[in-house]
Amino acid sequence: MWFSILITSELTQGVVFDERGGKASPLRVAWFQISILDAAAFHQLLSGAATYFNNLRNGDGLAVNGESLAHHTYSLQLVNRQMSDVKVATTDGVISSIIGFACYYVRVPPPPKSGLKTDVVIKHLIGDMINWRTHLDGLKAVIRLRGGIETLESNEYLRIMLSW
C-alpha cells in the first residue's frame, strides 16, 4: 500500500515520540504501527498530528484546522467505503480508524447549538460527545461483527489503542 505523504522529522517526533524526553510513548507507537497498514487509519493519524502541531504553533487548545479536517474527512470517506464489505469492515485498520474518530470528536468543540461552554479548556475535555458516542457505538458493532472483543487479543497494538 502506498501513501503519498511526506514523512518529516516533525511528524515522527510529534506522532511517535514524546516531546518531553524523546522516548516512544506506548500509545503513540501503537497508533503509528496500526496506521501504517491502512490508508484510513493513516489519514486519521495525520489528522491528529496536524491538530497537535497547530496547537504547538498557535496555542489554540487543539482546535481543528483545515489540514486536520481534510485528513479526517478523507479517512471517514475511506472507512465508509470499507464498511460495505464485512471482511474489510472488521479489520484492524478499520477498527483503529473508528477509535481515531472517537478520539477526534473528544477534542473538537461541541456544536454551537449544544449549549456547552466552548472556552479552550472545556473544548479539549468535552468536545462533540454526540459524535463520540456514535463512533463508540459503531466500534462496538464492528467488534461484535468480527466475533467479539476476544478477537482483538492477537494484536497488542490494537488492544493498546482500544484501552484509550
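This is a predicted model: local features need pLDDT of at least 70, side-chain atom pairs count only at pLDDT 80 or more; totals for chains, interfaces and linings use all residues.
Buried means under 20% relative accessible area, exposed means over 50%, and partly exposed is what falls in between (1.4 Å probe, protein chains only). Residues are numbered from 1 along each chain as its sequence is written, and side-chain values use heavy atoms, with hydrogens and water left out.

**Around Gly147**

- Gly147 sits in the loop between helix 8 (129-146) and helix 9 (156-163); helices here are DSSP runs of H or I, at least four residues, numbered from the N terminus.
- Thr90 is 57 residues away from Gly147 along the chain, yet their C-alpha atoms are separated by 9.1 Å.

**Salt bridges**

- Searching the whole structure turns up two salt bridges, each being a side-chain nitrogen of Lys or Arg within 4 Å of a carboxyl oxygen of Asp or Glu.
- One of them pairs the side chains of Asp92 and Arg146, at 2.7 Å from N to O.
- Asp92 belongs to helix 6 (residues 92-107) and Arg146 to helix 8, so this pair ties together parts 54 residues apart in sequence.
- Asp92 is partly exposed, with a relative accessible area of 22%, and Arg146 is partly exposed, also at 22%.
- Arg133 forms a salt bridge with Asp137, where the closest N and O atoms are 3.6 Å apart.
- Both Arg133 and Asp137 lie in helix 8, four residues apart, which is about one turn of the helix.
- Arg133 is partly exposed at 37% relative accessible area, and Asp137 is partly exposed at 39%.

**Helix 3 against helix 4**

- The axes of helix 3 (residues 39-58) and helix 4 (residues 66-82) come within 8 Å and cross at roughly 160°; axes are lines fitted to C-alpha atoms over the stretch in contact, with angles running from 0 to 180 degrees between N-to-C directions.
- That makes helix 3 roughly antiparallel to helix 4, a label for angles over 145 degrees.
- On the helix 3 side, the contact (heavy atoms within 4.5 Å) includes Ala39, His43, Leu46 and Ala50.
- On the helix 4 side, the contact residues include Glu67, His71, Tyr74 and Leu78.
- The residues of this contact divide into eight nonpolar, nine polar and one charged; Ala, Val, Leu, Ile, Met, Phe, Trp, Tyr, Cys and Pro count as nonpolar, Asp, Glu, Lys and Arg as charged, and the others, Gly among them, as polar.

Note on methods: Helices (H or I, at least four residues) and strands (E, at least two) are DSSP runs, numbered from the N terminus. Angles under 35 degrees count as roughly parallel, over 145 as roughly antiparallel, 65 to 115 as roughly perpendicular and the rest as oblique.
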